Amino acid sequence: MKYLADYGDTTDFVDGDGCFLIDKNGKRYLDFLGGWCVSTVGWRHPKMMALKNSGVYIPPSYSWPEWENFARFLADIAPGKLQVSFRCTSGSEAVELAMKIARAATGKKKIVSIDGVYHGHTYGAASVGVALTPDISPGVGEMEKIAMPHEKTADEVIARFEQIAEGGNVAAFLSEPIFTNAGVKIPPADFYPRLAKICKTNGIVFIMDEVATGFGRTGRLFASEHWNLEPDIMCLAKGFSGGYATIGAVLVTEEMANKIFKLKGYFPYYSTFGWLPNDMLLAKANVELVLEHKLWENADKMGRSLLALLKPLENLSKVKEVRGIGMLMAIELSDKSLLQKILADVLDSGLVIDSASAETLFFSPPLIMGKDMVKAGADILIKIITKHCS
Ligand SMILES: Cc1ncc(COP(=O)(O)O)c(C=O)c1O
C-alpha cells in the first residue's frame with residue numbers, strides 16, 4: 001500500500017550536499033540530474049541555508065514592497081521588452097496563465113504549439129503539451145500542433161505554421177526554446193527567428209516556456225538568448241528557485257500587461273501562494289547567486305566539456321546520438337531494451353540520471369558543477385554505456 005500516490009520506487013534519498021544526493025544508508029551519489037533542470041547552486045548552499053523563514057503571509061490583494069522590487073529586478077535581467085511579472089507557484093501554472101493572458105489580450109482563441117513538447121500537467125498545459133491522455137480527455141479546446149522541426153523539415157513546419165497563422169483566430173504560439181523533455185532536441189538555428197517573425201506579422205503572441213531552460217541551464221541566462229528572441233511572454237519556474245522554493249512567474253511586455261489591465265471584465269489570476277514571501281526571498285537569493293557567479297558561463301563551459309567526453313559514445317553500435325547544450329544533455333539509444341539496465345547500473349555506481357523516453361537517457365547537472373565531477377560522472381556513463389551498447 002502506497003499512501004503517497006506519486007514517487008519513484010528506486011532509492012530513498014534523505015539529504016543533499018552541493019552536487020551530491022545522499023541515501024538512507026549514507027551513500028553519496030553524484031547528482032547529474034539536478035532535480036530535472038531544477039538545481040542551480042546545488043543542495044544546501046550556505047547562503048540559502050542561512051535564510052530564515054519569513055514566517056509571514058501577505059494576501060495578493062495587499063501589497064508588500066519586496067514583490068514590486070523583485071519584479072523590477074526580473075525586468076532588468078529578462079530578454080527583450082519583458083517588463084511585468086505575474087506571480088504563480090509552478091511551471092504548469094505559469095503555462096496556464098500565459099495562455100490566458102494571450103487569449104485575453106488578443107481576443108483570439110487558438111494556441112499553436114509543437115508536437116511532442118511537455119508543458120506541464122494541468123489541463124491547459126497538458127492540452128498544449130503532451131500530458132493529455134485518452135483517460136483524461138477532452139482537454140482544453142482550440143489547440144493545434146505543428147511538427148517538431150529538424151534540419152530537413154524546418155521549411156515545411158514553418159510553411160504549415162504560416163498557413164495556420166494566416167487562417168486567423170490564433171492567439172499565441174507557445175513552445176520551449178530547446179525541446180527539453182522530448183530528449184534535449186535543439187531546433188535548427190533559423191527556426192525560431194522565422195517563426196517569431198510570422199507571429200509578429202499576424203498579431204500572434206510569441207510565448208517561450210523557459211521553465212526548464214531558464215536561469216542558466218543552456219549556457220545563457222535564458223535560452224531565448226541563443227537566437228536573440230524577444231518573446232512577448234515568458235514562463236519561469238524550476239531553476240527560478242533552484243529547488244529551494246515553490247515558485248513560478250510569467251513575464252510579459254508592458255504592452256501585453258496594459259491590455260490585461262484595461263480589460264473591463266474580470267481576469268482571473270489570483271494565486272494564494274504565488275510569490276509567498278518566504279518562497280520569493282529564497283528565489284531572489286538563488287537568482288542573485290546565479291547572476292553573481294554567472295553560472296550560465298560555467299554551464300556553457302562544463303556542458304561543452306561533458307559533451308566532448310561523451311560524444312565518442314556515438315561510435316558504439318547501439319548509441320544513436322549524444323546531444324546537449326549547456327548543462328542539459330541526452331543520450332539516445334537505438335535499442336530500447338537497454339535503457340532500464342543502464343539506468344540501474346548507473347545508479348548502482350553512484351550517479352543519478354533519468355530517462356526522457358523509452359530510449360533516451362537524460363541529465364541536467366547543477367550549474368555549479370566543476371570539472372572533476374563532470375569527468376567522474378562521464379567516466380561512469382562511458383563505462384556502463386560501453387558495456388551495454390557495444
Ligand atoms: C518546459 C516545461 N514546462 C512546464 C513544466 C511544468 O512545470 P511544473 O512541474 O513546475 O508544473 C515543466 C516541467 O517539467 C517543463 O519542463
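**Note on the predicted model**

1. L347 lies in helix 11 (residues 339–348); helices here are DSSP runs of H or I with at least four residues, strands are DSSP runs of E with at least two, and both are numbered from the N terminus. L347 is partly exposed, with 17 other C-beta atoms within 10 Å. For this label, 20 or more other C-beta atoms within 10 Å of a residue's own make it buried, 12 or fewer make it exposed, and anything in between makes it partly exposed, with C-beta atoms placed from the backbone. L347 and I380 are separated by 33 residues in sequence, and their C-alpha atoms are 9.7 Å apart in space.

2. Residues are numbered from 1 along each chain as its sequence is written. The model is predicted, local features need pLDDT of at least 70, side-chain atom pairs count only at pLDDT 80 or more, and totals for chains, interfaces and linings use all residues.

3. Strand 8 (residues 205–209) and strand 9 run parallel and are joined by three bridges, and I207 has I233 as its bridge partner in strand 9. Strand 9 and strand 10 (residues 248–253) run antiparallel, with four bridges between them. In strand 10, A249 is the bridge partner of L236, and L251 stands opposite M234.

4. Which way do the residues of strand 9 point? In strand 9 (residues 233–236), I233 and C235 point one way and M234 and L236 the other, and all are buried. In a regular strand the side chains alternate between the two faces of the sheet.

5. A second open sheet has four strands in the order 11-12-15-14, with antiparallel pairing. Strand 11 (319–324) and strand 14 (354–357) are its edge strands, and each pairs on one side only. The twist here averages 25 degrees from one strand to the next. Three bridges pair strand 14 with strand 15 (residues 360–363) in the antiparallel sense, and the bridge partner of D354 in strand 15 is F362.

6. Two packed helices are described by the angle between their axes and the distance between the axes. The axes of helix 3 (residues 65–77) and helix 9 (residues 277–292) come within 11 Å and cross at roughly 30 degrees; axes are lines fitted to C-alpha atoms, for helices over the stretch in contact, and angles run from 0 to 180 degrees between N-to-C directions. Helix 3 is therefore roughly parallel to helix 9, a term for angles under 35 degrees, with over 145 being roughly antiparallel, 65 to 115 roughly perpendicular and the rest oblique.

7. The ligand is surrounded by 14 residues, of which the closest are S90, G91, S92, G120 and V211; a residue counts as near a molecule or strand if its C-beta atom, placed from the backbone, lies within 6 Å of it. Helix 4 (residues 91–106) gives the most to this shell, with three residues.

Technical notes
Pairing = 2+ DSSP bridges.
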